[in-house]
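Biologist: Please take a close look at one part of this model, the longer-range packing within a single chain. I would like one connected account.

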Amino acid sequence: MTRQEVLEQTKKVIYDCFPDMADLDLQEDSVINTETAIDSMGFVLVICKLEALFDVRIPERQWQKLQTLGDVVDAICKRLK
Amino acid sequence: MRFDSFDHLLSHFAMTTPDAPALRYEKTTLSFRALDETVRKRAEELRAGGKSCIGLLCDGSLDNVIEIFAASLAGLQIVLLDASLPSDVLKSLIRYTDVDLLWGDGELCDELSLALMAGVKDGKGKILFFTSGTTERAKAVVLTDHSLCQSAYNGSAKLPLSADDTLLCMLPLGHVFGFVCGLLWGLSCGACVALGRGARHYLDDCDFYRPTAVSVVPLLLGFLVKQRCINPELKLVLVGAGDCPPALLRAAGAMGIRVSFGYGLTETSSGVAISVEGDPYAMEICPDDTITLAEDGEILIEAPTCMMQGYYKRPDATRAVLVGGVFHTGDLGRFDEEGKLHITGRKKDVLVLPDGTKIFLPEYESALMQALGHTELAVTLKNDRPILVFSGAADREKLQAKLREVMRTLPRGQQIADILLTDEPLPRTATGKIKRWELQQKVSDNT
């Protein structure tokens, strides 16, 4: 799977979890906390869905370090089997 | 039942209900007898190790719980650390609390081992919790296994569980509400405590463990309700450590769940008042506690069995809040005609987030001022999330970039979610203090 495909599927998961963000054009450098409506529990939800979708496991201690959409995509790509 | 210590609690149930399930974690179940035996064996090893102060990087696992009880029985001073904090902050907390032994994730322990200290001479019985420790200057509150057991008794006197109950522990053990109301409350009633499997399993822990009771912070209750991941057996939810919006309460009620609120602080070993029936915002005072109101409505607590010994190495800070055995909470309240306590607001410069975290504003704002090179700023809440009010001319994009760097070291929930740029000066008192209420009002009007 290419990085671009991971990015697109990640965006789809975010839009599915937060339908009211449908009008927001998420970019790689979009900061998930400050430029979206995703709070800390929403972030947990997104990560759980992404882990299940891509069959990867991102250590919980790393979650805090994921700031932008690009950070999330990188963390997934690094662990793809 | 009231227990004097963890030792007393464990030995009691190992004698009276040895085969009853005490702890569940993933697919493992430990009976009270097995728990008692495992803890005592590990306590012997810790005694033989000759260390005096253990720092536990809490992950909420079965081994984590066993290590806490064993360290207590072995007479070590215990420091409960939040493993998700940045390494630099953890190192600072380890140095501050004199930790000479670490327990937790091996890689992280290795990284932090350079910060280990020489230990303590008088740490027996002490358990240190951090007051929503998010910075290197977080205060450690000195509690004891005795005060924590009394707090659990206080809670169970108002909300008893039975041996047939399963209490789901979803909150971090490094937070006193999670420790007392997620773990000790259940064990001291002889109930089974199911240890949550971390944030990754918030969606399916209820389905996996089928609990009858759970302790949560408002944010987590909102998540469970919204995602519809509450099991039908769940009959009681204890909410603490933050304000819970009525709409959420109604939603939980519609699912047939009884919701009780608890009010307390780390300094009082968790809850001092709990709502039992009727209005969930009207709380009864727990048996060991006395609550009065100061003239300005500040809640004052006398809790002789549950009160902290003080802030670790901070006698000045202790004297500022604990006067003649009375704790000055900084929270505002009122009593209704039935003598029940209602929380009405905050007097201190503190923001309380829906996940129970407290942000101590002078400290938080001072760090922002330093990082951004600007003093006319303040932090307040918008939609339950912290926002920065920046007074003066600024380029929003550059400001956001700088802010992003500062926020990288903070837990997600405590990061600034938005910036409000304004030409107006911040509302201040004659002595220069920020008028928090007025600022909050302005932000609300702006939305």
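Modeller: Domain bounds here come from an automatic or database domain assignment. The model is a predicted one. For chain B, that assignment gives domain 1 (6–345) and domain 2 (350–446). Taken over C-alpha atoms, the centres of domain 1 of chain B and domain 2 of chain B are 30 Å apart. Their contact draws on 16 residues from domain 1 of chain B and 13 residues from domain 2 of chain B. On the side of domain 1 of chain B that touches domain 2 of chain B, there are six nonpolar, eight polar and two charged residues.

Next, a helix pair of chain B. Helix α6 (residues 145–158) of chain B packs against helix α7 (residues 176–188) of chain B at an angle of about 75 degrees, and their axes lie 9 Å apart. Angles of 65 to 115 degrees count as roughly perpendicular, so α6(B) is roughly perpendicular to α7(B). From α6(B), the contact includes L148(B), C149(B), A152(B) and Y153(B), among others. Among the residues that α7(B) brings to this contact are F179(B), V180(B), L184(B) and W185(B). By class, the contact of α6(B) with α7(B) has nine nonpolar residues, four polar ones and no charged ones.

Chain B also meets chain A: 21 residues of chain B are in contact with 13 residues of chain A. On the chain A side, α2 (40–54) and α3 (60–63) each supply at least two residues, and the largest share, five residues, comes from α2(A). That side of chain A divides into five nonpolar, five polar and three charged residues.

Terms used
Residues numbered from 1 in each chain as written. Chains lettered and ligands numbered in written order. Predicted model: local features only at pLDDT ≥ 70, side-chain atom pairs only at ≥ 80, totals over all residues. Contact = placed C-beta atoms within 7 Å. Nonpolar A, V, L, I, M, F, W, Y, C, P; charged D, E, K, R; others polar. Helix = DSSP H or I, 4+ residues; strand = E, 2+ residues; numbered from the N terminus. Axes fitted to C-alpha atoms, helices over the stretch in contact; angles between N-to-C directions. Parallel < 35°, antiparallel > 145°, perpendicular 65-115°, else oblique.
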